[in-house]
Each structure stands twice: as structure tokens, then as C-alpha cells.
Amino acid sequence: MASRVVSECGLRPLPRVYPRPRMGIPSAAAAATQLQFRALLEAPSMAVSRERRGRGWELRVNAPLMVGFVDEEFRERERGPVNGVVEMKLGEGDRDGDGGFDPGAPPPFGLAAIRAAIPKHCWVKDPWRSMSYVARDVAVVFGLAAAAAFFNHWAVWPLYWFAQGTMFWALFVLGHDCGHGSFSNNQKLNSVVGHLLHSSILVPYHGWRISHRTHHQNHGHVENDESWHPLSEKIYRSLDTATRTLRFTLPFPMLAYPVYLWGRSPGKSGSHFDPKSDLFLPNERKDVITSTVCWSAMAALLVCLSFVMGPVQMLKLYAIPNLIFVIWLDLVTYLHHHGHDEKLPWYRGKEWSYLRGGLTTLDRDYGWINNIHHDIGTHVIHHLFPQIPHYHLVEATEAAKPVLGKYYRVPKKSGPLPFHLIGNLVRSMKEDHFVSDTGDVVYYQKDSELHKSQKSE
């Protein structure tokens, strides 16, 4: 395994007999096969996923089986030096003082090298352990609600809203793991638990799961990404003033998730509740209907509880915590792809690959919240390998760092609560507005007139 890791990082392999076929194409005699591989890898990932979606649910919730690490190796050989080096040893990317690091350059390692660095036990899913987190979080949710209803004091309610909204977010993360198949290897268990958790916080499980799969399979792609992808300048300029203001003026972007579920992002059409939406294939319509029915049942239950307990009590017990959950979701998902101190690339066309897109994601430290929301801040490895259970992500990230080198951005250490992230969010909203309509490697640009026009109004 060690020799394979080294070979994937660009060093010449030792002359030996490999126990299994190598992913690289080692000889000119295999040129035709190489071209076929590259054509497959450079094809849009959604085309591949459409061919595979009907074959098994596992294929629809994990990272693509055919990803770009072979393609990356070919390109690195063709282009020569990357970030000032032709051959890069493990950990060499961490060194300072090089000729200038370009985050948009193809990395001198492949996805296989990262995978090989992660201990084997990190890939093992333990359904009992996963269910223990569900039991813990559900117990805390009911305990907080009971305590708030018992004390029913104005000084208690704000603390309850923050704590319960954070726990709703924790429930969402566990349902998110069900959607990826990292909760367990049992498809029925994943589906049942995912529906219970997500429906309870008014998220359509299958509808979201499918669109989130699209996000992972196309992360870092300007047009094909699904979650918080950049707007092209043409689309940005076509937005009316109200839409543009709402999208880039806090706190409105942090309340966007329900709107996204119903109508997606600017430039895209469809709904997570509509089985005929562009988001879904015909063979996924039954799944979407099932989740929409579960969502509707939860909404009806909340209406009934409002008649029994009173609308004001339901507002305090459920509605406001759900709003806090939405803020958590929008904040975390946005900052995992935006707000870095330096501009990070977005890709199109042949420059995009699964690996390069995944390396533009960011880890974040949330202080005390890390454990509560199941280490979702370890986002880079999660994006590359979403099948790894959340309770192994920290260890997997530490193991992968020597391979990733400078392509891994060490997150700023948080205090007990992640107040430092507010600065990243505010700066990004002021500077990250659109990307160029042309070019296969692009960076966010600023509309200097946006906030000026808001002030004048």
C-alpha cells in the first residue's frame, strides 16, 4: 500500500509486481484505453450518475465510483510542474516559502493517494453507534422542550431557542448521514431513520437527498453544482434589485433554505417537493412522493398541536427553534464553500474534476458545537468520501493532511462558540458576488456598486 501511495503522489514506482491492476495507464500500448478512461472521466458527472441511478440506492448516495484521480495523474504529467514542483513527496505541500502556491492548479496527487492514507477502520459503519447518536439527540430535544415548557419564563426562552435550534441542526446532520449511506449499510434503516429525522424538522428527505447528491457529485462546478454555487455575471446582472439585495444582504441569505427547497437557486428551476421537477429522474418520483407525504404529515401534526397547545406555545416550542436550525444550516453550508481569506477557484469544462472540485471546500472549527453537530466541520474529507461515518471524519482528516499539503486549509481555531465565523460571512457577502461568464478556472468578483446603491436608497 505504501508504494501505491507514493506512486499516486507523482514519484516513480519501484519495479515490483503489483497485487492488483494499477489505475494509471503505464504503457503506450494502452493508449486507446487511456483515451477511453479520460473521455469517461471528463464527461459530466451527472450523465454518469443518470446511467447508474436505477441500479442501486447505494450508488445514488455515495461519491461517484469513477472519479477524476486517473485524469488528474494524466494531466499532471502533461502539464509538467505544478506549483513549482514536478514530483512531490507526502507532506511537501505543507512547506512555506515555495515559488507561490496556486490553489487552482491541478494537485500533484490523486484521489487514490488520499484514500490509501485513511485507515481502513474509518470506512466501517456501525449502525448501533449511529443509532446511539440518534437516541442521544432525540432525548436532548424532548428534554429541552419539557424544561422550557415547565419553567415558561422569558429569561429561559431565548436560551431554549438557541439550544433547541442547534439540536434540530444536529438531527438534520444525522439524517444527512442517512442520505449519504454513511449511517449504516442497511438501506431500509437509512431511509426510515432519515425520514423520521428530516420530516420532524420539515425537510423532505428524498427530495433533499437527491439534490444533495448532485451537489457532491458536482462540487466546485460553476453551473452544475447545486448548493451555494456562484452566479455567472450574466445571471447576476439579470436579477432584479430586490432579489440581488436579498441574496447578498444579511440576515436574508441565512434564511434561504426553505425558499431553496421550494424553488432552488437563481438560474435553476424545480422544487424538492415536485416529483416531476428537473431535479429528479422518473424512477425517483415515488421516493419524492413518499417524502412529500411525510413532510405534509408533519406539517398537519404541527397544525393540530397548535390547536391543542395554542399557537403561541407552538411558536415558542417549535417555530423559533426551527428558524434557528435554518440559520445554522445556511451558515454552515455557505461557509464550507465561501469566506476563505484568499479567493478559491471554481471550475468549468475540462478543468473540473471530482478531486479538484472537492479540494475547494473548507473545514471549519465550531468550538463546543463540533461534537453537538457531529463534526460536520470536517468538510473536505466528507466531500471527497461521503461514505465515511461522521465519527471517523476527524481521524480520517488527520491521516489525509500529509497527502493534501497546502490544498488543505487549516481552519482557524474557535473559542467555545464560533463567533469568529461572522467576520468570514460578512466579508464574503460583501465581496463574493459573481464569476465570469467565460473561462474554465474562475474566481469570485465583487460588484462595487451593490452596497453603494443600497446605501443611497
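The largest pocket is lined by 32 residues, and Trp228, Ala256, Tyr257, Tyr260 and Asp330 are the ones that lie nearest its centre. A pocket here is an open set of points on a 1 Å grid over the protein atoms alone, where a 1.4 Å probe fits, with protein on both sides within 12 Å along at least five of seven lines; lining residues have an atom within 4 Å of a point. This is a predicted model, so local features need pLDDT of at least 70 and side-chain atom pairs pLDDT 80 or more, while totals for chains, interfaces and linings use all residues. Residues are numbered from 1 along each chain as its sequence is written, and side-chain values use heavy atoms, with hydrogens and water left out.

Back to that pocket: it holds about 660 Å³ of space, counted as the volume filled by probe spheres set on grid points joined across faces, edges and corners. Helices H8 (157–180), H10 (205–217), H12 (241–248), H13 (257–263) and H15 each give two or more residues to its lining. By type, the lining splits into 17 nonpolar, 11 polar and four charged residues (Ala, Val, Leu, Ile, Met, Phe, Trp, Tyr, Cys and Pro are nonpolar; Asp, Glu, Lys and Arg are charged; the others, Gly among them, are polar).

Helix H14 (residues 285–309) and H15 have axes that come within 7 Å and cross at roughly 130°, which makes H14 oblique to H15. The axes are lines fitted to C-alpha atoms, for helices over the stretch in contact, with angles from 0 to 180 degrees between N-to-C directions. Angles under 35 degrees count as roughly parallel, over 145 as roughly antiparallel, 65 to 115 as roughly perpendicular and the rest as oblique. Met298, Leu302, Leu305, Ser306 and Met309 of H14 meet Pro311, Gln313, Met314, Leu317 and Tyr318 of H15, contact meaning heavy atoms within 4.5 Å.

H15 (residues 311–335) also packs with H20 (residues 421–431), at about 70° with axes 11 Å apart; the two are therefore roughly perpendicular.

In the loop between H12 and H13 sits proline 251, joined to leucine 250 by a cis peptide bond with omega near 10°. Arginine 264, in the loop between H13 and H14, has a positive phi of about 60° although it is not a glycine. Arginine 264 is buried, at 14% relative accessible area (buried is under 20%, exposed over 50%, partly exposed in between, with a 1.4 Å probe and protein chains only).

Notes. Helix = DSSP H or I, 4+ residues; strand = E, 2+ residues; numbered from the N terminus.
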